[in-house]
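Please look over the sequence and the model shown here before reading on.

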Amino acid sequence: MSSFFQSLTRKLPGQGGTSQGVGAFGRWARRARRRFGRERALEVVAGWGRRAEERLGRRIAYEPELIPPIRLMRTEGMDVLEEWFRWAEEWSMLLRIYGQIRRDSQVLEVGCGLGRVAFPLRYVLSREGAFHGLEICREKVEFLQQTFPKAHPNFHFQHADIHNTFYNPGGTIRPEHYRFPHEDASFDLIFAASVFTHLLPAAAEQYIREASRVLRPEGRCVFSFFLLDNYRPGQPRPQGFNDRIFNVDHPHGNHGDDFAVSDPGNPEAITAYRLAFIERMAAQAGLRLAQPPVPGLWSGSSPTWVGMQDVVVLVKAPANEA
Ligand SMILES: C[S@@+](CC[C@H](N)C(=O)[O-])C[C@H]1O[C@@H](n2cnc3c(N)ncnc32)[C@H](O)[C@@H]1O
């Protein structure tokens, strides 16, 4: 039952017995219970509660229509609106510092979800810049296409029905065969926020190759990972990362200790890579590390951290070195 409904039907101080509800609502609830029976009355009210929760995002002052309903946010593990903003601003900062985003950058986000990072980029990019988001969940792309381009015509969102055991188990395209729908050398910056954390190595290799193809010389990639280099099995991890879904204890495929998953039955739920493996895939694609990886909070291994996940920054060689 929705928390909204629970708050409406909370017991008033001093009231015993069954929940009485508040004021007019309480009187309505008692009448409805007598007339339709308890279960049906609860169902109706829970429906109201869900709709009211979905409207919560509408209380935001600035472009509230770009905030997805809570129901969609929950598909990405967000339960509170504040988490939407916190992660969005974290990535805005990562792209400004490590991605060297400019106002006129041409930007590609792989796995753009509900547009959480596009959200702050709308006040980073000018109309000379452009944002292209690729996403495998149709519902998310439909939401974005209905909302974003009206106010921000330089923001584009595209769906690709790619298979992922966690996010799109019915997908028809294998990620390891997917070619990004973009021309060679068309982007200054490509990023993936918590997407390689759901990819198997064959897909990661293809995505890094494709990223290099569509990146301009000297362009950058900012990709987040769970780096096995920072993972200590059994070590307590901060906050929600202590959940066992982040226990990346299972080597998967023929990659030795370069790659692991947390759930062999649903391997793309959480994946983790060793940095040397990423560097090899990047080198084969014509990319190199721009700097040492930026440690994230998740592993609990670094006394300092910047964002939630580890961030790998790759750069493409200048045209005269290619
Ligand atoms: C944790 S969510 C992050 C979404 C978004 N990047 C953000 O920061 O809000 C991971 C996203 O990656 C998408 N995804 C999973 N596998 C993918 C693939 N093979 N190609 C592109 N996107 C993928 C999922 O559908 C999901 O929206």
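The questions and answers below go from the whole chain to its parts.

Reader: What kind of model is this, and from which number are residues counted along each chain?

Author: This is a predicted model, in which local features need pLDDT of at least 70, side-chain atom pairs count only at pLDDT 80 or more, and totals for chains, interfaces and linings use all residues. Residues are numbered along each chain as its sequence is written, from 1.

Reader: How many helices and strands does the chain have?

Author: Helices (H or I, at least four residues) and strands (E, at least two) are DSSP runs, numbered from the N terminus. By that rule the chain has 10 strands and nine helices.

Reader: What percentage of the residues in the chain is buried?

Author: A residue is buried if 20 or more other C-beta atoms, placed from the backbone, lie within 10 Å of its own; it is exposed if 12 or fewer do, and partly exposed in between. The chain holds 322 residues, and the buried share of them is 37%.

Reader: What share of the contacts with a separation of 6 or more joins residues 24 or more positions apart?

Author: Two residues are in contact if their C-beta atoms, placed from the backbone, lie within 7 Å. Among the contacts in the chain with a separation of 6 or more, the share from residues 24 or more positions apart is 63%.

Reader: How far apart are the end C-alpha atoms of helix α8?

Author: The expected span of a helix is 1.5 Å times one less than its number of residues. Helix α8 covers residues 201–214, so its 14 residues should span 20 Å. The model agrees, for the end C-alpha atoms are apart by 20 Å.

Reader: Which residues does I190 contact, leaving aside its neighbours within four places in sequence?

Author: I190 is one of the residues with the most contacts inside the largest nonpolar core. Leaving aside neighbours within four places in sequence, its contacts are L108, V110, A211, L215 and C221.

Reader: Which residue in β4 stands opposite E109?

Author: In β1, five of five residues are buried; V107 and E109 point one way, and Q106, L108 and V110 the other. Two strands pair if DSSP finds at least two bridges between them. In β4, the residue opposite E109 is F191.

Reader: Which residue in β10 is the bridge partner of F223?

Author: Six of the seven residues of β10 are buried. This strand pairs in the antiparallel sense with β5 over six bridges, and three bridges join β9 to β10, also antiparallel. The bridge partner of F223 in β10 is V312.

Reader: Which strands are the edges of the open sheet of three strands?

Author: The order of this open sheet is β6-β7-β8, with antiparallel pairing. Each edge strand pairs on one side only, and these strands are β6 (250–251) and β8 (271–273).

Reader: Which residues come nearest to the ligand?

Author: A residue is near a molecule if its C-beta atom, placed from the backbone, lies within 6 Å of it. There are 22 residues around the ligand, and the nearest are G111, G113, R116, Y167 and A193.

Reader: Which residues does E76 touch, not counting residues up to four places away in sequence?

Author: E76 lies in the loop between α4 (70–74) and α5 (81–97), and is partly exposed because 17 other C-beta atoms lie within 10 Å. E76 and G113 are 37 residues apart in sequence, yet 7.9 Å apart in space, C-alpha to C-alpha. Not counting residues up to four places away in sequence, E76 touches G113 and L114.

Notes: A nonpolar core is a set of buried Ala, Val, Leu, Ile, Met, Phe, Trp, Tyr and Cys residues joined through C-beta atoms within 7 Å.
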